[in-house]
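Q: Please take a close look at the aromatic residues in this protein. I would like to know how they pair and what surrounds them.

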Amino acid sequence: MSHIEQISHELTWRIRREVLYPGQPLDKIMLPDDENGTHLGLFDENKLISVLSFFKNDHSIQFRKFATLESYQRKGYGTELLNYLLEIAEAENYQRIWCNARKNASGFYSKFGFIETENSFQKDGHDYVIMEKILKTK
């Protein structure tokens, strides 16, 4: 049985490194503003298997470093975690939620109503596109 809870930013690092930056030094997966973010972990049978970090400003939420261990991918865990974040964003009346999506993952985000913006870039050998979802405010 899975559950989601808020975790410390340090607990995200192992999965970030293993999934997003294999073999890279720790400073590659740390965010300068990690301490200011909110970090969610999805646990399956008390094992941390998926992480997501998000950062709020006045009207939007940006999520970053969303990663699920490879052996747990395509089983609905990432969907569960992203839906949880979308519920938070809607409950707190944010207008927009967005991310710098790896281009090869844009199809995943599209299933949740995210659209690709015209802003794209390359970093560390990966192609990224900024994707966003405009939320209905109450």
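A: What follows goes from the ring pairs to the core, the pocket and a few sites elsewhere in the chain. Keep in mind that the model is predicted.

Start with the rings. The whole structure holds ten aromatic pairs. One of them joins phenylalanine 66 and tyrosine 109. Phenylalanine 66 sits in strand S4, residues 60–68, and tyrosine 109 sits in helix H4, residues 106–110. The pair therefore ties together parts that are 43 residues apart in sequence. Both phenylalanine 66 and tyrosine 109 are buried.

Ring pairs also build a cluster. Its members are Phe63, Phe66, Phe108, Tyr109, Phe112 and Phe114.

Another pair is made by tyrosine 72 and tyrosine 77. Here the geometry is edge-to-face, with 5.8 Å between centres and 70° between planes. Tyrosine 72 has a relative accessible area of 17%, so this residue is buried, the limit being under 20%. Tyrosine 77 is buried too, at 16%.

The charged end of arginine 102 sits over the ring of tyrosine 21, 5.5 Å from the ring centre.

Now the core. In soluble globular proteins, nonpolar side chains tend to be buried together. The largest nonpolar core here has 39 residues. Phe54, Phe63, Leu82, Ile97, Tyr109 and Phe114 touch the most other members. Several elements each supply at least two residues of this core, including strand S1 (2–7), helix H1 (13–20), strand S3 (47–56) and strand S7 (126–134). The largest share, seven residues, comes from helix H3.

Phenylalanine 63 shows how such contacts are made. Residues up to four places away in sequence are not counted here. Phenylalanine 63 touches Leu52, Ser53 and Phe54, and also Leu82 and Leu85.

The largest pocket has a volume of about 990 Å³. Its lining has 32 residues, and those closest to the centre are Leu20, Phe66, Ala67, Ala105 and Tyr109. H1, S4, H3, S5, H4 and strand S6 (115–123) each give two or more residues to the lining. S4 provides the largest share, seven residues.

Tyrosine 77 leads on to another site. Serine 2, in strand S1, is in contact with Tyr77, and also with Leu42, Phe43, Asp44 and Glu80, leaving aside neighbours within four places in sequence. Serine 2 counts as partly exposed, at 24% relative accessibility. Between serine 2 and glutamate 45 there are 6.3 Å, C-alpha to C-alpha, although the two are 43 residues apart in sequence.

Most residues other than glycine have a negative phi. Asparagine 46, in the loop between S2 and S3, has a positive phi near 70°. This asparagine 46 is exposed, at 66% relative accessibility. Asparagine 93 lies in the loop between H3 and S5. Its phi is positive as well, near 60°. Asparagine 93 is partly exposed, with a relative accessible area of 38%.

Definitions and conventions:
Residues numbered from 1 in each chain as written. Predicted model: local features only at pLDDT ≥ 70, side-chain atom pairs only at ≥ 80, totals over all residues. Heavy atoms only, no water. Phe/Tyr/Trp six-rings, centres within 6.5 Å; stacked < 30°, edge-to-face > 60°. Helix = DSSP H or I, 4+ residues; strand = E, 2+ residues; numbered from the N terminus. Buried < 20%, exposed > 50% of the residue type's maximum accessible area, 1.4 Å probe, protein only. Lys NZ or Arg CZ within 6 Å of the ring centre and 35° of its normal. Core = buried A, V, L, I, M, F, W, Y, C linked by side-chain atoms within 4.5 Å. Contact = heavy atoms within 4.5 Å. 1 Å grid on protein atoms, 1.4 Å probe; cavity = no way out; pocket = protein on both sides within 12 Å on 5 of 7 lines; lining within 4 Å. Points joined across faces, edges and corners; volume = space filled by probe spheres on them.
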